[in-house]
Amino acid sequence: MMKKLRTTMSGWAVVVWAVSGVPAVQAGELPSSGEFRRMVRSAVVEAGRDPSRISYAAAVVEARSGRVLWSEGVRQDENVYPASMIKAVVAFAVLRKVDRGEVRLEQEVTISQSNADAECALGCARYGFGRSILVSTLLNDMIVHSNNIATNQLIDLVGKPFINRTAMAVDARGIQVLRKVYVQVNPEPELTVRNQGNAAAFVAFYREVVSNSRELLTASSREKLLDLLARCHSRNRLNALLPRAVTFFHKTGSTSDSSSDAGFYWLDPEHVVIIAGMHDFHDYAPLRQVGRAVFDRLGD
């Protein structure tokens, strides 16, 4: 008999599932490698897309220890442009600097991006060149509203090398921030490289966000990050077909020729499901279908 339980993660209420009287997660009940691959390929093929242009990974993880109970992937180590997904990693790095006392959330930063006036999406009165804005506001607007100028200002504040060392520190070695993000006006035209990522690396990143097993963030900074990820404005990808009561902690990414999402939700009071899906094409349909298929398979 399945029963609904309600628990909290750092103050966030989420619906989880458990089997009365027995552990909620049992190894024999988890999807096989072949089953997960069929889930992913079916979603991609049904959308009329090429399975060779994707990177997917999923895992069930013990929330406290970070121990992986199950993980599977389809081309999970393939590099796919992560677009705004990397903003979650930038936020993690900024909060590490806050914990070190090198950056303050209430610190004012002057907008200095060369493309600020051309791409101040939340309004030039706020993000125009020379405007002053708090680090806490930059973090909020980067994750919740996916603002590029806020992101680039934070990249300048902590530095690409530190962001990339942070990715390495959480074993997300496939993630690299090599340039800033933009829509039309490139603030770094001299750079021909693109940011890098793959699904396996994003699963590793969110595994650390869930468990904080390496203790790279203080409790308050982790709480701040979770709050931001829970308020990511997009509900049209991996979480689109999940029950409304399920909180998905995530950050999306997309361009005209890419689409992606990665994050986690609670499976039961002690375990989370982490999912990452990345496409080298713009289509949310496979992400929606895979997110729901994994939820149904693990929740039944």
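How many residues lie between E7 and E8 in the hairpin that they form? In this predicted model, the two strands of the hairpin are separated by 2 residues. Strand E7 spans residues 249-255, and strand E8 covers residues 258-268. The pair runs antiparallel and is joined by 7 bridges. Within this pairing, Thr 252 has Asp 261 of E8 as its bridge partner. Strand E7 is mostly covered, with 5 of its 7 residues buried.

With 5 residues, E7 gives the most to the lining. By residue class, the lining of the largest pocket divides into 10 polar, 5 nonpolar and 5 charged residues.

The cysteines were examined next. The structure holds 1 disulfide, in which Cys 120 is joined to Cys 124 at an S to S distance of 1.8 Å. The two partners fall into separate accessibility classes: Cys 120 has a relative accessible area of 10% and is therefore buried, whereas Cys 124, at 35% relative accessibility, counts as partly exposed. The cut-off for burial is 20% relative accessible area. Cys 232, with a relative accessibility of 8%, is likewise counted as buried.

Methods
Residues are numbered from 1 along each chain as its sequence is written. This is a predicted model: local features need pLDDT of at least 70, side-chain atom pairs count only at pLDDT 80 or more; totals for chains, interfaces and linings use all residues. Side-chain values use heavy atoms; hydrogens and water are left out. Helices (H or I, at least four residues) and strands (E, at least two) are DSSP runs, numbered from the N terminus. Ala, Val, Leu, Ile, Met, Phe, Trp, Tyr, Cys and Pro count as nonpolar, Asp, Glu, Lys and Arg as charged, and the others, Gly among them, as polar. Buried means under 20% relative accessible area, exposed over 50%, partly exposed in between (1.4 Å probe, protein chains only). Two strands pair if DSSP finds at least two bridges between them. A disulfide is a pair of cysteine sulfur atoms within 2.5 Å.
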